[in-house]
Amino acid sequence: MSAALAPSAARLEAMTVAHLNAVVALEESAYPFPWSRGNFIDSLAAGYLAEVLLDPLRQLVGYYVAMHGVEETHLLNITVAPGLWGHGHGRRLLDRVVARAQAMRSRALWLEVRQSNGRARQVYERYGFVQVGLRRGYYPAAQGQREDAIVMSLRLAPVVGEGHGLD
């Protein structure tokens with residue numbers, strides 16, 4: 001993978017079981033407490049929104065998994081390959097999640113982020129997310145400890161034509 005890969009050169013496609021070896025490898029390289037292969041399989045089986053971002057050589061750049069609910073979408077996992085941070089790929093993935101959520105008439109996008117993950121929190125804040133809560137002991141941490149999660153939300157604009165009594 002080239003660190004200079006422009007986000008526009010990468011292609012989004014639906015995550016499938018065929019992608020999972022690469023997805024799990026990336027997940028394990030990015031997090032000290034990664035999702036398991038089973039977490040991804042369960043998400044796909046449940047029909048969650050899940051896409052991969054691939055470079056022109058079909059190497060994995062990143063992915064996301066989100067769950068749609070009634071008028072809201074919950075971003076469960078979003079990951080960019082550590083060597084490709086800072087090049088706009090996270091923004092491209094977030095843009096895609098927002099577009100998919102709006103298409104399903106979600107009014108808000110929710111996520112949790114580790115309290116210690118200042119880099120991710122800054123990315124989300126720059127995108128427009130605001131802190132709306134705290135989940136105590138949400139994430140596993142070193143030596144059997146637990147870490148709090150910051151709950152963040154992004155208010156989504158209605159899709160064109162919505163809210164005019166024409167539904």
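Let's start with strand S7 (residues 146-155): eight of its ten residues are buried, so the rest of the structure largely encloses it. Buried here means under 20% relative accessible area, with a 1.4 Å probe and protein chains only. Strands are DSSP runs of E with at least two residues, helices are runs of H or I with at least four, and both are numbered from the N terminus.

A word on what you're looking at: this is a predicted model, where local features need pLDDT of at least 70, side-chain atom pairs count only at pLDDT 80 or more, and totals for chains, interfaces and linings use all residues. Residues are numbered from 1 along each chain as its sequence is written, and side-chain values use heavy atoms, leaving out hydrogens and water.

So who pairs with S7? Strands pair if DSSP finds at least two bridges between them. S5 pairs with S7 in the antiparallel sense over seven bridges, and there Leu109 stands opposite Leu154. S6 and S7 are antiparallel too, over seven bridges, with Ile150 as the bridge partner of Leu134. Five residues sit between the strands in the S6 and S7 hairpin, where Gln143 takes a positive phi near 55°.

Now for the largest pocket. A pocket is an open set of points on a 1 Å grid over the protein atoms alone, where a 1.4 Å probe fits, with protein on both sides within 12 Å along at least five of seven lines; lining residues have an atom within 4 Å of a point. Its lining has 38 residues, with Tyr31, Ile78, Asn117, Ala120 and Tyr124 nearest the centre. Strands S5 and S6 each supply at least two lining residues.

Technical notes: Buried means under 20% relative accessible area, exposed over 50%, partly exposed in between (1.4 Å probe, protein chains only).
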